[in-house]
Amino acid sequence: MARILIVEDEARIASFVAKGLRADGHTTTVVGDGPDGLDEALSGGFDLMVLDIGLPRMDGFELLDQLRSQGSRMPVIVLTARDSVTDTVTALEGGADDYMAKPFRFAELLARVRLRLRQHSAGTPLDDALEAAGVRLDLRTRRATVGGRDVDLSAREFALAEIFMRNRGNVLSREQLLDQVWGFDFDPGSNVVDVYVGYLRRKLGADTVETVRGMGYRFRG
Ligand code: CA
């Protein structure tokens with residue numbers, strides 16, 4: 001599938017991420033400091049990079065800055081400590097496509113990796129925001145608003161809302177949603193999709209997501 005570069009100096013996290021991505025069929029290369037990470041990223045041998053911010057010799061912000069200034073459009077998912085989300089928003093402005101706050105569940109990272117790879121290979125320009133039915137998702141800062149008011153969505157709720165809005169007007173089956181948002185670690189009999197659709201309706205508006213009997217769900221708009 002894809003060749004993924006992991007730039008992370010904490011061996012435990014690097015191996016956890018690498019192992020999971022390999023189980024999903026990708027090949028992985030792990031690099032533990034900034035300058036080596038930049039060299040690898042510029043080699044052209046990778047489809048996506050998972051990038052830690054706190055790195056020896058050159059931090060993730062500078063790496064990203066140099067990567068973009070040398071013209072690379074490789075999708076980058078930044079890993080950051082949960083208390084540095086403000087810094088991360090800066091990173092997004094500096095050219096990251098997405099971020100995960102540590103600690104994170106692997107399934108959430110995998111959902112982001114799959115989404116970024118799909119967009120990149122489809123040549124779809126990375127949208128800054130999605131808007132429909134009064135709902136706006138800012139894909140860089142991961143903020144959601146309804147009628148201009150902030151709504152607090154979890155990472156998973158945001159991912160689900162994003163899939164719905166990218167496919168608005170189309171029916172998505174539970175299996176499609178499970179695969180795209182949860183990845184391989186949920187069994188198909190799980191009702192987790194229905195539970196999360198309930199959360200989204202409560203937060204985004206009861207009629208934003210329509211149930212299509214026997215088929216799945218559809219985002220209005
Ligand atoms: Ca680190």
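**Contacts, metal and sheet**

Modeller: Take V135. Leaving aside neighbours within four places in sequence, V135 is in contact with L130, T145, V146, M165, L204, T208 and F219. Keep in mind that this is a predicted model.

Biologist: Which strand is V135 found in?

Modeller: V135 is in β7, residues 135-138.

Biologist: And is V135 buried or exposed?

Modeller: Buried, with a relative accessible area of 0%.

Biologist: How far apart are the C-alpha atoms of V135 and M165?

Modeller: They are separated by 9.1 Å. Along the chain, the two residues are 30 apart.

Biologist: Switching to the metal. What are the protein donors of the calcium ion?

Modeller: D9 and D52 each give OD, and G54 gives O. These donors lie 2.2 to 2.3 Å from the ion. Their spacing in sequence is D-x42-D-x1-G.

Biologist: Where do D9 and D52 lie?

Modeller: D9 lies in the loop between β1 (3-7) and α1 (11-23), and D52 in strand β3 (residues 48-52), so the pair ties together parts that are 43 residues apart in sequence.

Biologist: Are those two buried or exposed?

Modeller: D9 is partly exposed, with a relative accessible area of 36%. D52 counts as buried, at 4% relative accessibility.

Biologist: Now the sheet. What is the strand order in the open sheet of five?

Modeller: The order is β2-β1-β3-β4-β5, with parallel pairing. β2 (27-31) and β5 (98-102) stand at the edges with a single partner strand each, so one side of each has no neighbour in the sheet. On average, neighbouring strands are turned by 20° against each other, direction ignored.

Biologist: How many bridges join β4 to β5?

Modeller: Five, and the two strands run parallel. β4 covers residues 76-81. A81 stands opposite K102 in β5.

Biologist: OK, helices. Which strands does α2 lie across?

Modeller: Helix α2, residues 34-42, lies across β1, β2 and β3. It runs at about 165° to β1.

Biologist: What about α2 against α3: how do their axes cross?

Modeller: The axes of α2 and α3 (residues 60-69) come within 10 Å and cross at roughly 25°. The two helices are therefore roughly parallel to each other. Their crossing is right-handed.

Biologist: Which residues meet there?

Modeller: From α2, G34, G37, L38, A41 and L42. They meet L63, Q66 and L67 in α3.

How values were computed. Residues are numbered from 1 along each chain as its sequence is written. This is a predicted model: local features need pLDDT of at least 70, side-chain atom pairs count only at pLDDT 80 or more; totals for chains, interfaces and linings use all residues. Side-chain values use heavy atoms; hydrogens and water are left out. Donors are N, O and S atoms within 2.8 Å of the metal (3.2 Å for Na, K and Ca); water is not among the atoms, so sites may look incomplete. Helices (H or I, at least four residues) and strands (E, at least two) are DSSP runs, numbered from the N terminus. Buried means under 20% relative accessible area, exposed over 50%, partly exposed in between (1.4 Å probe, protein chains only). Two strands pair if DSSP finds at least two bridges between them. Axes are lines fitted to C-alpha atoms, for helices over the stretch in contact, and angles run from 0 to 180 degrees between N-to-C directions. Contact means heavy atoms within 4.5 Å. Angles under 35 degrees count as roughly parallel, over 145 as roughly antiparallel, 65 to 115 as roughly perpendicular and the rest as oblique. A crossing is left-handed if the near helix is turned anticlockwise from the far one by less than a right angle, and right-handed if clockwise.
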